[in-house]
Amino acid sequence: MPATPVSLDQASSVRLSVGGSELNFAIGLARLDVACGWIGRLGQDPFGRMVSDVLAHEGVRSDWVTSDPHRPTGVYFREWLNDGVRRPYYYRFGSAATGLSTADWPEEALDEARWLHVSGITSALGAAPRELVELAVSRARAAGVEVSLDPNYRAPLWSQREAREALEPIVRASTVLLLSTEDSQLLFDTTEPELVARRAHDLGTETVVVKLGSDGAFASRGNESLHVPAATTGRVVDPVGAGDGFGAGFVAGLLRRGDLRSALTLANHVGACAVQEPTEHAYPKVQELPPELQEMLRAPRSGQYSRSREA
């Protein structure tokens, strides 16, 4: 992205950072002391080495990453303008990630795992990456592993019809669904949280979360539904990556505490931190959380996610 908030054609310099929906999510989890790994493909180029270095620095397990000698690491440019416009320009087709296939699935990945997180971004890259996501979700559910899905719809990557047809089977198989209002409209033809939740539950999803931006977030599970107000933030500089951080906070909250209110509260805080800096993952570490959230994470666990394994 440009080093200053100007359009790309007016930029005299750019700065590089590592990003991507699932990778951001993994970094957010690692900073909250949840053991995690990332599965992907990287080119044998400086950008691929940059991603590998960031994963190592953040403590995200990367031994399931494939190094592709024939395809480059995916790149996208984006703007962060003062008027709030965030225009992305993708250069991802033909990238290493588009070469993802079921052959990249490591069977041992679920041996110690409690959770699998997937995003619609990978499914948007082509038929073979989509088959990998479907295989991963199927294997996870068969192994009793929780599955969360962030549809993360991006119009430049695929059409609404393609996205809806591809994501509906994953929605049915997911135990946790993390939705933006755009995702809600795409999948359920409404942005009304209670109606979204009801329709998702009808498809079999146990826990439904609707991210409402400055209005906080809504969650529904079983007979429980609640709305938690947004966390207080400073000036919003760049919202990119906030949804991934929110998801990481929510899953970490479920793993650490088990109850919806704690998970939403932590998720809102992590998401609020993310918007205050122009980077993909300005997420807090545990020691950087407010004292009440640190205490919440130290409290005895409760609920259905309170088993011992955390990876």
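1. Let's start with a term: a residue is called buried under 20% relative accessible area, exposed over 50%, and partly exposed in between. Arg61 has 41% relative accessibility, so it counts as partly exposed. Its salt bridge partner is Asp63, and the closest N and O atoms of that pair are 2.7 Å apart. Keep in mind throughout that you are looking at a predicted model.

2. Staying with charges: side chains of opposite charge can pair when their charged atoms come close. The structure holds 13 salt bridges. One of them joins Glu58 to Arg31, with 2.6 Å between the closest N and O atoms. Have a look at where these two sit: Glu58 belongs to helix α2 and Arg31 to helix α1, 27 residues apart, so the pair links distant parts of the chain. Both Glu58 and Arg31 are buried.

3. Next, find Arg71 and Asp68, whose side chains form a salt bridge at 3.0 Å, N to O. Arg71 is partly exposed because its relative accessibility is 34%, while Asp68 is buried with a relative accessible area of 1%.

4. Now for the nonpolar parts. In soluble globular proteins, nonpolar side chains tend to be buried together. Here the largest nonpolar core has 45 residues, and Leu29, Val60, Phe246, Phe250, Leu264 and Leu266 have the most contacts inside it. Several elements give two or more residues to this core, including α1, α2, β9 and α9. Helix α8 gives the most, with eight residues.

5. Setting aside neighbours within four places in sequence, its contacts include Val176, Leu178, Thr207, Val209 and Leu264. There is also a second, separate core of 41 residues, and among them are Val147, Leu157, Val171 and Phe188.

6. How do helices α5 and α6 pack? Their angle is about 90 degrees and their axes are 9 Å apart, so the two helices are roughly perpendicular to each other. On the α5 side, Gln160, Ala163, Arg164, Leu167 and Val171 meet Leu186, Leu187 and Phe188 of α6. By class, this contact has six nonpolar, one polar and one charged residues.

7. Most residues other than glycine have a negative phi. Asp33, in the loop between α1 and β1, has a positive phi near 65 degrees. Asn152, in the loop between β6 and α5, has a positive phi near 50 degrees. Asn152 counts as buried because its relative accessibility is 9%.

Note on methods:
Residues numbered from 1 in each chain as written. Predicted model: local features only at pLDDT ≥ 70, side-chain atom pairs only at ≥ 80, totals over all residues. Heavy atoms only, no water. Axes fitted to C-alpha atoms, helices over the stretch in contact; angles between N-to-C directions. Helix = DSSP H or I, 4+ residues; strand = E, 2+ residues; numbered from the N terminus. Parallel < 35°, antiparallel > 145°, perpendicular 65-115°, else oblique. Contact = heavy atoms within 4.5 Å. Nonpolar A, V, L, I, M, F, W, Y, C, P; charged D, E, K, R; others polar. Core = buried A, V, L, I, M, F, W, Y, C linked by side-chain atoms within 4.5 Å. Buried < 20%, exposed > 50% of the residue type's maximum accessible area, 1.4 Å probe, protein only. Salt bridge = Lys/Arg side-chain N within 4 Å of Asp/Glu carboxyl O.
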